[in-house]
Amino acid sequence: MDRIAANKVYLRVVETGSFSRAASDLGVTQPTVTKAIAALEKRLGARLLNRDSRGVNPTDVGQAFYDKCKDIQHRIDEADSLPALMAARVGGVLRVSTSVAFGRRVLMPWLLAFMARYADLRVDLSVDDRYVNLVEQGIDLALRMGKLADSSLGARYLGMNPWSMIAAPAYLARAGTPRKPGDLKRHDCLVYSSVQGDDVWQLTDRRGTQATVRVRGRLRSNSLTALLEAARRGLGVAILPNYVAHPLVTSGDVIRVMSDYALPAQEINAVFPSPKLMSAKVSALIEFLADRFQGQWWRDDALTR
């Protein structure tokens with residue numbers, strides 16, 4: 001029997017004043033308890049218990065040893081319960097990862113509102129347009145766009161990320177306004193090189209008929225911010241997420257074109273390291289975000305509520 005187990009037996013013997021009651025409480029036989037106490041006294045080189053017809057009482061040395069063992073056992077119990085306590089507490093450090101534009105425009109305002117609810121919570125937000133390894137980077141929760149590949153990660157669907165086609169009024173006055181997919185072939189198109197088919201744009205009309213158009217233009221970038229600025233300056237037509245385009249659409253710097261056609265929307269998923277084990281802080285943030293990905297969540301008033 002190891003030292004911690006032997007000390008636990010000793011504590012129970014002192015507290016019950018009986019070898020038999022201690023054995024019953026611990027679910028072992030009385031000879032097991034007797035042998036454990038004998039081995040303990042031999043290892044320590046001291047008599048810990050006085051035995052008489054009235055029961056078992058600690059000696060002076062045994063009482064001092066009991067007090068120390070009691071303190072040690074209390075600390076062990078605290079350590080054993082610590083993981084569960086931390087998992088149930090919305091506090092500590094919450095490490096979150098997402099893409100650059102989404103993090104700045106959408107997630108950061110919502111995280112600030114979330115942090116206001118939990119005074120003990122600290123957030124470490126990492127923004128990167130490349131997928132990061134959650135386990136290697138110690139990420140608690142990542143927000144990802146698009147279909148998820150099969151993996152061992154946990155995931156929760158939050159909503160959809162719609163896109164719009166936009167252009168500056170000055171560009172449309174100069175080059176004309178596209179009305180149907182084929183018109184895009186004669187336009188300068190600003191190509192986002194990460195998703196949405198790169199330079200192949202897919203559009204669906206109100207009847208559900210799909211059209212695929214290969215576009216070209218003077219600027220191709222993996223930066224949504226760069227494409228938005230290029231569209232604002234009249235360099236061409238762009239397709240961008242609503243959360244990126246909406247501020248300039250509202251101001252009139254750009255306008256939506258070909259609104260009768262739908263662009264592919266992306267799933268928004270919360271991804272976390274384990275599908276089975278989820279801390280309270282991760283669960284709380286997921287529920288908080290799920291509540292906000294409702295309706296036209298990309299609008300300014302929705303992002304600041």
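Residues are numbered from 1 along each chain as its sequence is written. In this predicted model local features need pLDDT of at least 70, side-chain atom pairs count only at pLDDT 80 or more, totals for chains, interfaces and linings use all residues, and side-chain values use heavy atoms, with hydrogens and water left out.

Reader: How much space lies in the largest pocket?
Author: A pocket is found on a 1 Å grid over the protein atoms alone, as an open set of points where a 1.4 Å probe fits, with protein on both sides within 12 Å along at least five of seven lines, and its lining residues have an atom within 4 Å of a point. Grid points are joined across faces, edges and corners, and the volume is the space filled by probe spheres set on the points. For the largest pocket, which 27 residues line, with S99, D128, D129, M145 and Y192 nearest its centre, that space is about 450 Å³.

Reader: Which strand gives the most to the lining of the largest pocket?
Author: Helices (H or I, at least four residues) and strands (E, at least two) are DSSP runs, numbered from the N terminus. At least two lining residues each come from strand 3 (92–98), helix 5 (100–117), strand 5 (141–145) and helix 8 (224–232). With four residues, the most is given by strand 5.

Reader: Which strand supplies the largest share of the lining of the second largest pocket?
Author: The second largest pocket holds about 200 Å³ of space, and among its 13 lining residues W163, S259, Y261, A262 and L263 lie nearest its centre. The largest share of this lining is three residues, and they come from strand 7 (residues 163–167).

Reader: Which strands are the edge strands of the open sheet of five strands?
Author: Two strands pair if DSSP finds at least two bridges between them, and in this sheet, with its mixed pairing, the order is 4-3-5-14-6. The strands that pair on one side only are strand 4 (121–127) and strand 6 (154–161).

Reader: In strand 14, which residue is the bridge partner of A142?
Author: Strand 5 and strand 14 (residues 266–272) run antiparallel and are joined by four bridges. The partner of A142 in strand 14 is V271.
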